[in-house]
There are 2 protein chains.
Amino acid sequence: MQEERRIAVLRAIVEDYVATEEPVGSKALVERHGLNVSPATVRNDMAALEDEGYLAQPHTSAGRVPTDKGYRLFVDRLTNLKPMSSAEKRAISTFLDGAVDLDDVVSRSVRLLSQLTRQVAVVQYPTLSRSTVRHIELVALAPDRLLVVLILSTGRVEQRLLELDAPVDDTALADLRSLVNGVATGELISEAIVALGTLAAARPGPAAEVAESLVEVMSDHRSHERLVVGGAANLARYGDSFDSAVRPLLEALEEHVVLLRLLGEASQSGMVTVRIGAEGPVEELSSTSVVTTGYGPHDNALATLGIVGPTRMDYPGTMAAVRAVARYLSRILDEG
Amino acid sequence: MQEERRIAVLRAIVEDYVATEEPVGSKALVERHGLNVSPATVRNDMAALEDEGYLAQPHTSAGRVPTDKGYRLFVDRLTNLKPMSSAEKRAISTFLDGAVDLDDVVSRSVRLLSQLTRQVAVVQYPTLSRSTVRHIELVALAPDRLLVVLILSTGRVEQRLLELDAPVDDTALADLRSLVNGVATGELISEAIVALGTLAAARPGPAAEVAESLVEVMSDHRSHERLVVGGAANLARYGDSFDSAVRPLLEALEEHVVLLRLLGEASQSGMVTVRIGAEGPVEELSSTSVVTTGYGPHDNALATLGIVGPTRMDYPGTMAAVRAVARYLSRILDEG
DNA sequence: CTTGGCACTCGCTGCGGTGGAGTGCCAGAG
DNA sequence: CTCTGGCACTCCACCGCAGCGAGTGCCAAG
């Protein structure tokens, strides 16, 4: 079956190229991998793969290099990911088990992920939109200044200062507190926003002010979608193609809005998504790949995590690492 | 006065080298700057400056390059910083005035500073240790689970979950709340820690637990000294000397502990501190300079901000930008 | 102390030649 | 129809070499 062998050749080329960073030729291929055919045969296959757009040569009479389409096929045909070694598994648990709060969990995850994959890691905070309101607290800093504190089921805490039009006394504050809690506690964020909106319309005065402030906090895009980036030092391994590749990437990493779009569509937990080169939505990052997956308690993905790296990367290993961290993280959120 | 001219020569070399990134020779020097002497004279001065360690040549028969010691002298002899253009001044105010809370102020400052200097900017959060306790709030998530919220005079809010040994009811909670607030509100963090410590010793039970938790939050190093980094994309301008210079720098930027040591000793607000090359405490960063200054309300420095960049940088401009941002930031904290 | 002159150093650039890895194609064998 | 060995060909990467030019150090004169 020559079709099957071609896939094997492609796989071998991808593996070699990822390992050596150099165009790979027919002779070296048959030697390093146990292909029981001659170099000439492999050459024919390579020519065919090139015609179909899976390979490219930097210049005539050089070895072949996978194209984005080639990586795509390689990833799609990937049957089983490189399993985590027991050392790696141990590293994951010792790394994450010591975390004390949500911030800590997230920042540890970023470090872990960037170390495991030796790439730039990105972890999004569990999104508000699918979590529920655990409690709302109002703290009087002055008679007409409130601190509005929103506590979510994920352990996330958001707060905001609110200047009231008129001062309120302690009993009025207690009433307010139980009012907004009665309306919002236990609800999904999306539902709480609606409920507080109607409350604001129905009860003008301080209640409306507080409710509006809460709605603002809940729908505030910035706090909605916070994320943490780590492992930028791994970019130093790019070496060549520096200004063209690293600079836009570094810029994108600081533009969290862009990053969020990058993580954007990655779906349910369990499924690892790979975006190769120009498949992504950010044109400056057309020479990088993004490996992401969703995570969250009870297998519904509250947020996304993943890595960004060169298209020439160890996909099986990276995908396995991303999946493993996401699973462990989900488990932790389950417990907390 | 030949001594004076030597300083002028050094200054001219530094300026040219910073601008061109290339070793500068005697002829180009007299042309570009209005030195009314011949190249030969300059050559003599350069040889003298090299003997004294202020200059170096990459190789025989190349131009001269300033040494760290040369930059040091240049900076010390700096009488007046490059004034901010009115456009820059406008940029600063429009950039910072829209900020809504402390997080926002800090992150905007980082962006601003990195854009003004085209270097990597670092801004430390106003330190807890010199700020005071504005309010403490206890929120019952469950009968035996409290959320302890600490609000500081800087607007900073810290929170922590606390599992109690025994459940407390609402009235007991109110008592606890007024107890800890009575002891700590209005105090400096350092004093509040002491007061809460004695409270914990005197009143075992839930009060002690709450007090200990608060002490922990207050002395927690991690929350103590948070900082934000921005403008890493500017590292792309390093171009050459890549792996040797950028990689350790990127690593240091993620190691906030290291960065804090770097900002460390920078003193009162108003004074801009410059650490050149190996003068700093981090040996991996011996080819970079750090320009920092303190900032905070009422001219006492709560925290430090600054930039990290190559020793070959525009010191007058950078120092002016750092000072300008720090002043503006201090003013904002004054008002808030 | 400054200046012009002069010999010298040495990195940078462009050039041709060579070696070798790799290819494409073809004819023959299974 | 597929695989294989052979062969001619193509280029890139590497090397050594020469010429150029910017820059220096030193010296003797103003």
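In this model, 25 residues of chain A are in contact with 24 residues of chain B, where contact requires that the C-beta atoms of two residues, placed from the backbone, lie within 7 Å. This is a predicted model, in which local features need pLDDT of at least 70 and side-chain atom pairs count only at pLDDT 80 or more, while totals for chains, interfaces and linings use all residues. Residues are numbered from 1 along each chain as its sequence is written, and chains are lettered from A and ligands numbered from 1 in the order in which they are written.

**The two protein chains together**

- On the side of chain A that touches chain B, β4 (133-142), β5 (145-152), β6 (157-163) and α11 (242-254) of chain A each supply at least two residues; helices (H or I, at least four residues) and strands (E, at least two) are DSSP runs, numbered from the N terminus.
- The largest share of that side, seven residues, comes from α11(A).
- By class, the side of chain A that touches chain B has 14 nonpolar, four polar and seven charged residues, where Ala, Val, Leu, Ile, Met, Phe, Trp, Tyr, Cys and Pro count as nonpolar, Asp, Glu, Lys and Arg as charged, and the others, Gly among them, as polar.

**The surfaces near the DNA**

- Around DNA strand C there are 21 residues, of which G25(A), V37(B), S38(B), T41(B) and S61(B) come nearest; a residue is near a strand if its C-beta atom, placed from the backbone, lies within 6 Å of it.
- The surface near DNA strand C takes at least two residues from each of α2 (26-32) and α3 (39-51) of chain A and α3 (39-51) of chain B, and α3(A) gives the most, with four residues.
- Around DNA strand D there are 22 residues, and those that come nearest are V37(A), S38(A), T41(A), S61(A) and G25(B).
- Two or more residues of the surface near DNA strand D come from each of α3 of chain A and α2 (26-32) and α3 of chain B, with the largest share, four residues, coming from α3(B).
- The residues near DNA strand C divide into seven nonpolar, 11 polar and three charged, whereas the surface near DNA strand D has eight nonpolar, 11 polar and three charged residues.

**The overall form of chain A**

- Chain A contains 13 helices and 10 strands.
- The radius of gyration of chain A is 25 Å, well over the 20 Å that the globule rule gives for 336 residues, so chain A is more spread out than a compact globule; the radius is taken over C-alpha atoms, and the rule is 2.2 Å times the number of residues to the power 0.38.
- Along the principal axes, the C-alpha atoms of chain A fill a box of roughly 90 × 40 × 35 Å.
- Buried residues, those with 20 or more other C-beta atoms within 10 Å of their own C-beta atom, placed from the backbone, make up 40% of the 336 residues in chain A.

Methods
Buried ≥ 20, exposed ≤ 12 C-beta atoms within 10 Å, placed from the backbone.
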